[in-house]
Amino acid sequence: MGILIWLIVGGICGWLASLIMRTDAQQGIVLNVVVGIIGAFLAGWLVSPLVGVGTINQGLSVGSLLVSLVGAVILLAIVNLFRRGSVR
């Protein structure tokens, strides 16, 4: 059940992050899910202890979703930086 939640939340966070970073037209649903899952993992590992919010493994909440979204946006910014030489 945990993997299914990671896929759903990862897909939603990856899609929202791609809309925020304006890269939605360049990537498909698979890349959205991958970016969302990796971003949620990294944010849960790095950002979550800093702000004191639980991860999506500990239960879905607004805080955990926002932390996952921030992680996906940061990951997309890093990918764009290496791909294009700029964040956008």
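I started with helix H1, residues 2-20: its 19 residues reach 26 Å from first C-alpha to last, close to the 27 Å expected at 1.5 Å a residue. For the expected span I take 1.5 Å times one less than the number of residues in the helix. Helices here are DSSP runs of H or I with at least four residues, strands are runs of E with at least two, and both are numbered from the N terminus.

Ground rules before going on. This is a predicted model, where local features need pLDDT of at least 70 and side-chain atom pairs count only at pLDDT 80 or more, while totals for chains, interfaces and linings use all residues. Residues are numbered from 1 along each chain as its sequence is written, and side-chain values use heavy atoms, with hydrogens and water left out.

**Overall**

I counted the secondary structure: three helices and zero strands. Along the sequence the pattern reads α-α-α. Of the 88 residues, 36% are buried. My cut-offs are under 20% relative accessible area for buried, over 50% for exposed, and partly exposed in between, with a 1.4 Å probe and protein chains only. I put the accessible surface at about 5,300 Å², and 76% of that belongs to carbon and sulfur atoms. The areas come from the Shrake-Rupley method with a 1.4 Å probe; for residues, only the protein chains shown count as cover.

I then looked at contacts, meaning heavy atoms within 4.5 Å. Among those between residues at least 6 apart in sequence, 62% join residues at least 24 apart.

**H1**

Which residues of H1 are buried? I noted Trp6, Val9, Gly10, Gly11, Cys13, Gly14, Ala17 and Ser18. The general rule I keep in mind is that an α-helix has 3.6 residues a turn, so residues three or four places apart point the same way. The buried residues of H1 pack against helix H2 (29-51) and helix H3 (62-84).

Ser18 got its own check. Ser18 sits in H1 and counts as buried because its relative accessibility is 0%. Its side chain reaches the backbone oxygen of Trp15 at 2.7 Å. I call that a polar contact: a pair of N or O atoms within 3.5 Å where, within protein, one must be able to donate a hydrogen and the other to accept it, and residues adjacent in sequence count only if both atoms are side-chain atoms.

After H1 comes Arg22, and I noted its positive phi, near 60 degrees.

**H2**

Gly36 lies in H2, and it is buried because its relative accessibility is 0%. Skipping neighbours within four places in sequence, I find Gly36 in contact with Gly10, Gly14 and Ala72. Gly10 and Gly14 are among the buried residues of H1, and Ala72 is one of those in H3. I also took the C-alpha separation of Gly36 and Leu7, which are 29 residues apart along the chain: 8.4 Å.

Next was Ile37, also placed in H2. Is Ile37 buried or partly exposed? Partly exposed, because its relative accessible area is 23%. Not counting residues up to four places away in sequence, Ile37 touches Trp6, Leu7 and Gly10. Ile37 and Ile12 are 25 residues apart in sequence, and their C-alphas are 9.6 Å apart.

Then the surface. I found a nonpolar patch of about 890 Å² made by Ile29, Val30, Leu31, Val34, Ile38, Phe41, Leu42, Trp45 and Leu46. Patches take residues with over 30% relative accessible area and no salt bridge, joining like charges within 9 Å and nonpolar side chains (Val, Leu, Ile, Met, Phe, Trp, Tyr) within 5 Å. A salt bridge is a side-chain nitrogen of Lys or Arg within 4 Å of a carboxyl oxygen of Asp or Glu. Leu31 belongs to H2 and counts as partly exposed because its relative accessibility is 34%.

**Loop and H3**

Val53 is in the loop between H2 and H3. Val53 is partly exposed, as its relative accessible area is 25%. Leaving aside neighbours within four places, its contacts are Ser48, Gly63, Ser64 and Val67. Val53 and Ser64 are 11 residues apart in sequence and 6.3 Å apart in space, C-alpha to C-alpha.

Last, H3: 23 residues reaching 32 Å from first C-alpha to last, close to the expected 33 Å. Its buried residues include Ser64, Val67, Leu69, Gly71, Leu76 and Asn80. I see the buried residues of H3 packing against H1 and H2.
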